[in-house]
Amino acid sequence: MPQPIPLGATPLAKLKGHLVTINDAHCHFFSEGFFGALARERAGSSTPDSVEAITGSLKWEAPGNLTTLADRWVAELNKHGVNRAALIASVPGDEDSVASAVAKYPDRFVGLFMLNPQQPDAADRCTRALTELGLHGLCIFPAMHRFALDSQQAARIFELAAIHNAKSVFVHCGMLSVGIRKKLGLPSRFDIRLGDPLALIPIASTYPDLTFVIPHFAAGFTREGLMAASLCPNIVFDTSSSNGWIKYHPGLTLTDVFRQALSILGPSQLMFGTDSSFFPRGWQRPIFEQQCAILRELGVEGDTQREIFSGTFERIYGA
Ligand SMILES: [Zn+2]
């Protein structure tokens with residue numbers, strides 16, 4: 001019988017009668033800075049809308065200041081029995097927001113930041129975030145920012161990630177659609193050809209001590225993602241989001257994807273995530289419940305379950 005994991009005072013979630021720690025590898029920290037950047041992008045040379053006007057038009061809660069938002073997230077994690085969450089500063093330049101949340105709650109949050117390697121200050125920002133700000137890892141979006149993973153700019157960033165001992169480098173691969181950009185009428189000139197996991201193989205092989213996280217099972221480039229992660233044990237999938245990309249594969253289900261990933265990679269290369277972002281929706285419990293149901297169906301329990309929901313996360317980010 002798998003034993004419940006002793007957790008002291010940390011929150012617990014119950015899975016199939018056993019207590020399992022839940023860490024969420026993929027949440028977005030939609031700060032005032034994040035909304036402000038989108039407002040400025042939308043306004044162009046005109047006066048941007050206020051953060052409240054933007055969130056009001058989306059029928060979302062305004063995030064409030066950084067303390068308010070960090071407190072809101074902790075209350076949300078407590079409500080659902082989630083132990084820790086990786087928070088992503090979701091627009092380049094917003095790394096201070098997540099840094100302040102991590103500084104306030106270092107036991108609950110891991111800090112990640114979006115970086116566009118093509119911006120002139122990318123190297124400086126990357127270094128500062130990983131050193132001075134104490135963030136854990138960076139997130140790059142080749143399709144969104146239209147750069148090749150084997151470009152010189154990207155190479156510089158991987159080198160800096162290694163030099164400064166980043167705990168993870170998140171690389172978005174496969175299908176990409178950003179709901180909030182659509183809702184705000186912002187253009188999404190994404191080139192998803194650039195998010196091919198095969199391009200990550202030489203990079204992950206060059207930096208065997210860096211962990212590369214590909215979200216959403218590589219979002220449709222799953223065959224390539226599985227090849228890459230098979231060849232490179234330092235590539236990990238996160239399971240986050242509703243995984244809507246599945247519709248592009250006739251007949252495929254998320255259960256099939258979990259079964260395949262578990263049989264090829266095993267649980268040490270899988271890490272639970274939800275892709276939660278805005279309030280009042282908050283932490284996406286339905287995603288968690290869907291994945292629990294799938295793992296139950298596959299008969300996954302004990303150590304395998306523990307590895308997916310918390311073990312891989314703790315190996316990458318520390319216990
Ligand atoms: Zn996401």
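# Reading a predicted model, feature by feature

Modeller: Both H26 and H28 are buried. We shall begin with these two residues, bearing in mind that the model is predicted.

Biologist: Let us turn to a helix. How many residues does α3 have, and how far does it reach?

Modeller: One compares the span of a helix with the span expected from its number of residues. Helix α3, residues 66-80, has 15 residues, and from its first C-alpha to its last it reaches 21 Å, close to the 21 Å expected at 1.5 Å a residue.

Biologist: What is found at the N-terminal end of α3, and what follows the helix?

Modeller: N65 caps the N-terminal end, with a side-chain oxygen 3.1 Å from the backbone nitrogen of T67. The residue that follows α3 is G81, which has a positive phi near 70 degrees.

Biologist: Which residues of α3 are buried?

Modeller: They are L69, A70, W73, V74, E76, L77 and H80. Viewed down the helix axis, these buried residues fall within an arc of 160 degrees, so they line one face of α3. Their packing partners are the strands β3 (23-29), β4 (84-89) and β5 (109-114), together with the helices α4 (95-104) and α12 (285-297).

Biologist: How should I read the backbone angles of the loops?

Modeller: The general idea is that most residues other than glycine have a negative phi, and most peptide bonds are trans. One therefore looks for the exceptions to this pattern. S241 is not a glycine, yet its phi is positive, at about 80 degrees. N243 likewise is a residue other than glycine with a positive phi, near 55 degrees.

Biologist: Where do S241 and N243 lie, and are they buried or exposed?

Modeller: S241 lies in the loop between β9 (235-238) and α11 (254-264), and N243 is also placed in the loop between β9 and α11. S241 is buried, with a relative accessible area of 12%. N243 counts as buried at 2% relative accessibility.

Biologist: Which peptide bond is cis?

Modeller: The bond from F279 to P280 is cis, and its omega is near 15 degrees. P280 is found in the loop between β10 (270-271) and α12.

Biologist: Finally, is D191 buried or exposed?

Modeller: Buried means under 20% relative accessible area, and D191, at 19%, therefore counts as buried. D191 is placed in the loop between α8 (179-183) and α9 (201-206). The side chains of D191 and R193 are joined by a polar contact of 3.0 Å. Leaving aside neighbours within four places in sequence, D191 is in contact with A143 and R146.

Definitions and conventions. Residues numbered from 1 in each chain as written. Heavy atoms only, no water. Helix = DSSP H or I, 4+ residues; strand = E, 2+ residues; numbered from the N terminus. Expected span 1.5 Å × (residues − 1). Buried < 20%, exposed > 50% of the residue type's maximum accessible area, 1.4 Å probe, protein only. Arc of directions from axis to C-beta. Contact = heavy atoms within 4.5 Å. Polar contact = N/O pair within 3.5 Å; in protein donor to acceptor, adjacent residues only side chain to side chain.
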